[in-house]
Amino acid sequence: MTGAPLSDALLFATAPAPGIIARLVRAARHPSRLLSILMTRLAGRRVRAAQAFVALAGAGHHLWQPGPGPASEPDATLARHGIERIEPSEDGTLRIAAEGPPLVLLAAPGHALVEGASAAIATAFTDPAIHALYGDALVRTAPGKAWLPLLRPAFDPVLLRAVDHLGPVLALRRASVCGIAPVPGAVAMDLVLECAARFGRASVRHLPRLLSASTFQAERGGEAGRVASRLGRLDAVRRDLDRTGEGATLAFVEADGVIRLERPLPMPRPLVSLIVPTRDRLDLLRPCIESLRARTDWPAKEILICDNGSCEPATHAYFAELQAASAARILACDGPFDFAAINNRAAAQAQGDVLAFINNDVEADHSDWLERMVREALRPDIGAVGARLIDGEGRIQHSGIVLGSGGLATHGHRHFSQDAPGYLSALRVTRSVAAVTAACLVIEAHKFRDIGGFDSTFAVDFNDLDLCLRLNAAGLRTLYVGGAVLQHRESASRRPSPEAAARHATEVEALKKRWGPLLMQDPHYHPGFDPNLSTHMLLRRGWTGLEPATPR
């Protein structure tokens, strides 16, 4: 329906992307950096120059594709592959009969399958462990507009509870879902969550291939339709919380359509140890500590400052001031800077049941940031929890670490505007990620100890990435909490040097040796995106979305 509001998962499509002129104007404010980028480009280092330009001028989505789109296939092809297409009724209800072809394809009106989709779906379901399958899609919000690719991550129930990003086409094994009465207005979402609860998360898979194309992808019924859709999603989430034994969790829809969950907290609140390494740099440290004291509303907290050889009188005077007010403990951590070892030493002396590792160049803005993170960190199956960090220019600095991007790993949506919703609302939601930065990382103390803490093989870089990958391997997932927002002046206290470059290169090789192929492709990130620039910014060169693909 033209003119109707976009679905909540597609809000990113209306976010303004800075045009080339605007980006050049912004870059021109820094002529020396712009000249350096130009020289890099003239030297033939195209990717390095493009990365530097994005860092200077900012990032935005540049994914739209003009043209007629891929060829479609008739619905009659479905029957030849043992698939029956079904649609919800006008009132949003759906009933799946027990009799019929072994597979059903749930699709809303107007969504045409692209050529080869039926065969790809049937092939995927030869794996008996798969009970539900979703793929990718092309949509356009009005006739004649460019196509917008919707490229999904691997299945993540945390993300699905927050925003319904799966539609418009979902394939299901009939025997697995027949007889279920899914929630009207959230049929696909409810069926997928039902399959995940009944058969395990691995029963729901993503096929990284285009399955459908549609011209209209707006909320049917205008704003009233959007409200109804949100209420349906909320009912589906509450039903899933009940079936998974989490009925005490509160669920409500925020203004941007994201469903927020508030899990119950123990009483009394567990003590949180806030660990902040520093070496002088009082200009950074004081705002950091004062924000932890005044703009962090968690009632039970202690602050541990790890002093790595501070020598300026003003720094020591501030230490004395804090100690006199019983506002912080100062731990002497002398010797060469080793981020991993310093934080491990502090963690060993911390009294809290929960540890929060905070860089000295991070400042809290919203006082509920720690509560939001602790609620997730206390879950038995969760390891590390990270936050949304904003740089000094009002842009995204961190929203989870993406593997296989930026050469090795990079921060998601890096250099996008801090107000951007993110691709499929990824910046605003709570969701699973491969890793999070230790600039702001919350974890239960016993989980940190059990995994062995940070590894000094990675004294400065990648210690957080390695920690999260080890936690993941132990069955503890890593979460990004988009509602926990802080400021981060990244690396403001670092100084480049040949020694630092050599150490970084050594740590890169150690990371590759330890984790190898795992670093090549992140399950939470689609392989169709360009791996070299900011995430979710461009499509990979040559991507068509029609190549043979394996469910993941």
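This is a predicted model: local features need pLDDT of at least 70, side-chain atom pairs count only at pLDDT 80 or more; totals for chains, interfaces and linings use all residues.

Which side chain makes a polar contact with the side chain of D136? Select D136 and H526: their side chains make that contact at 2.6 Å. (A polar contact is a pair of N or O atoms within 3.5 Å; within protein, one must be able to donate a hydrogen and the other to accept it, and residues adjacent in sequence count only if both atoms are side-chain atoms.)

Residues are numbered from 1 along each chain as its sequence is written, and side-chain values use heavy atoms, with hydrogens and water left out.

**Stop 1: around D136**

D136 sits in strand β4, residues 132–139. (Helices, H or I with at least four residues, and strands, E with at least two, are DSSP runs numbered from the N terminus.) D136 is buried yet has no salt bridge, and R152, the nearest side chain of opposite charge, is 4.8 Å away. Buried means under 20% relative accessible area, exposed over 50%, and partly exposed in between, with a 1.4 Å probe and protein chains only. For charge, Lys and Arg count as positive and Asp and Glu as negative, with His and the chain ends not counted. A salt bridge needs a side-chain nitrogen of Lys or Arg within 4 Å of a carboxyl oxygen of Asp or Glu.

**Stop 2: salt bridges**

The whole structure has 42 salt bridges. Pick R226 and D8, which meet at 3.9 Å, N to O. This pair links distant parts of the chain: R226 is in helix α9 (residues 222–243) and D8 in the segment before α1 (20–28), 218 residues apart. R226 counts as buried at 11% relative accessibility, and D8 does too at 4%.

Now select E84 and R174, a salt bridge at 2.4 Å, N to O. E84 belongs to strand β1 (residues 83–86) and R174 to helix α7 (residues 174–177), so the pair ties together parts 90 residues apart in sequence. E84 is partly exposed at 31%, whereas R174 is buried at 4%.

**Stop 3: the aromatic cluster**

Select F337, F339, F357, F448 and F454, which ring pairs link into a cluster. (Rings of Phe, Tyr and Trp, its six-membered ring, pair if their centres lie within 6.5 Å; planes under 30 degrees apart count as stacked, over 60 as edge-to-face and the rest as tilted.) By this rule the count comes to eight aromatic pairs. Zoom in on F357 and F454: with centres 5.1 Å apart and planes at 70°, the pair is edge-to-face. F357 is in strand β13 (residues 354–358), F454 in the loop between α14 (445–450) and α15 (463–473), so the pair ties together parts 97 residues apart in sequence. Both F357 and F454 are buried. F448 also pairs edge-to-face with F454, at 5.3 Å centre to centre and 70° between the planes.

**Stop 4: T315**

Finish in helix α11 (residues 313–324), where T315 lies. Is T315 buried or exposed? T315 is buried, at a relative accessible area of 0%. Show D280 as well: its side chain makes a polar contact with the side chain of T315 at 3.0 Å.
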